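Hello,

Here is the structure I promised to pass on to you. Have a look at it first, and then read on for my notes.

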Amino acid sequence: MSEQPENIARPLADAADLDGAADAADPVESAESAESVRPVSQRGSQRFAPGEGPLPDPAGSHHERRIRSFQPRRSRVTAGQAEALLKRWPDWGLDIDGKRVLDLGEMFDGLPVVLEIGFGMGEATAQMAAADPGTGILAVDVHTPGQGNLLGLADRNGMTNVRVANGDAIILLREMLDKDSLDGCRVYFPDPWPKARHHKRRLIQPEFLSLLATRLKPGAVLHCATDWESYAEQMLEVLSAHPDFENTQADGGFSPRPDFRPLTRFEGQGLDKGHVVNDLLFRRK
C-alpha cells in the first residue's frame, strides 16, 4: 500500500530479463505494445476491465473511512506490468473489498503465511519468496505498477508462494482474515510521515498493534524496519508498551538486520551515506 515506496531490492539473478523493469526505465512505450495489452489506464477510473486487474477503490464506501496511514501514488503502468496483471491477477491477485473472509490454507496450499504490508516494486518480496518457498507471502499495496512488477517477478521466477492484495491492510486485517491465521507480519520502510502534525498517520500505533495481534498466531513475529530514526524510536516505544508483544532482543532494543531481509538498493545507498536503519522484531505473546 505504498507503505514502502523505496523498498527496491538488489535484483534477482535473472531480473534483467524482466521487460517490466526495462519498460520502467524507458518513458516511451510503442503503440504496438500499448495495443497488445489494451488501453487500460484512465485517470480516476478503473485501470482494468472487471476481473482483469486491481480495482482503484475495492472497499468502496461500504466500510468506514479512517485516517489513512498510506498515500496512494499514481504512476504509469508499463506494458510489462500490465501484461503480468492481466495474466496473473485472476489467480494470484485479490481486491481488499471487506466482503469475505479469506481461506489462507486454500489460497497457499497449506503453507504458513506471512503478511507483508507495503512492498513498493516488490523486488525484496520476490527475493524473500524465492529464498523461502515453504512460506506463503500475502503482500499488500495500493501501487498498481508495483503490483504488476511483483506478479511479473513471481511468474518469471516460478514462485507460486506469493499473492498480491490490493487495498487497505486495515480492512484486510479487520474484515478478511481469521483470528490466529498469520504466521508473521513484515512492515519494511513504511511511510514515516515526518511532519509532526502527520504522526497520527503512521501505521505502527497501539490500535493497529491490537488488531494485528488478534490475527497473528501466538509466537508469530512482527518485523519492522525503518531508516527514520524518530519513527524507529516511536516503534520501539509503542511495541515495548503493548501487552500483546514482546521484544525478541534480550536487551529490549533494536535487532540486527536478519539475513532473510534483503538489503535494498535504497538502503544500501543510505548506509553508504551514514544513514541508520533499524530493525525491530517483536513476538506475539
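Let me start with a question: is Arg-261 buried or exposed? Arg-261 is buried, with a relative accessible area of 1%. Please keep in mind that the model is predicted. The side chain of Arg-261 forms a salt bridge with that of Glu-267, at 2.8 Å from N to O. Glu-267 is buried as well, since its relative accessible area is 3%, and the cut-off for buried is under 20%.

Another of them joins the side chains of Asp-155 and Lys-87, with 2.9 Å between N and O. Here the partners come from distant parts of the chain, 68 residues apart: Asp-155 sits in helix α6 (residues 144–156) and Lys-87 in helix α3 (residues 79–92). Asp-155 also meets the side chain of Arg-88 in a salt bridge, at 3.1 Å from N to O. Arg-88 lies in α3 and Asp-155 in α6, so this pair ties together parts that are 67 residues apart in sequence.

Among the buried residues of α3 are Leu-85, Trp-89 and Trp-92.

Next, α6 has a packing partner. Helix α5 (residues 123–131) packs with α6 at an angle of about 25°, and their axes are 9 Å apart. That angle makes α5 roughly parallel to α6, because angles under 35 degrees count as such. The crossing of α5 past α6 is right-handed.

Finally, two loop residues may interest you. Asp-109 is not a glycine, yet it has a positive phi of about 55°. You will find Asp-109 in the loop between α4 (104–107) and β2 (113–117), and it is exposed, with a relative accessible area of 68%. Phe-189, also a residue other than glycine, has a positive phi near 55°. Phe-189 lies in the loop between β5 (182–188) and α8 (206–215), but Phe-189 is buried, with a relative accessible area of 2%.

Key. Residues are numbered from 1 along each chain as its sequence is written. This is a predicted model: local features need pLDDT of at least 70, side-chain atom pairs count only at pLDDT 80 or more; totals for chains, interfaces and linings use all residues. Side-chain values use heavy atoms; hydrogens and water are left out. A salt bridge is a side-chain nitrogen of Lys or Arg within 4 Å of a carboxyl oxygen of Asp or Glu. Helices (H or I, at least four residues) and strands (E, at least two) are DSSP runs, numbered from the N terminus. Buried means under 20% relative accessible area, exposed over 50%, partly exposed in between (1.4 Å probe, protein chains only). Axes are lines fitted to C-alpha atoms, for helices over the stretch in contact, and angles run from 0 to 180 degrees between N-to-C directions. Angles under 35 degrees count as roughly parallel, over 145 as roughly antiparallel, 65 to 115 as roughly perpendicular and the rest as oblique. A crossing is left-handed if the near helix is turned anticlockwise from the far one by less than a right angle, and right-handed if clockwise.
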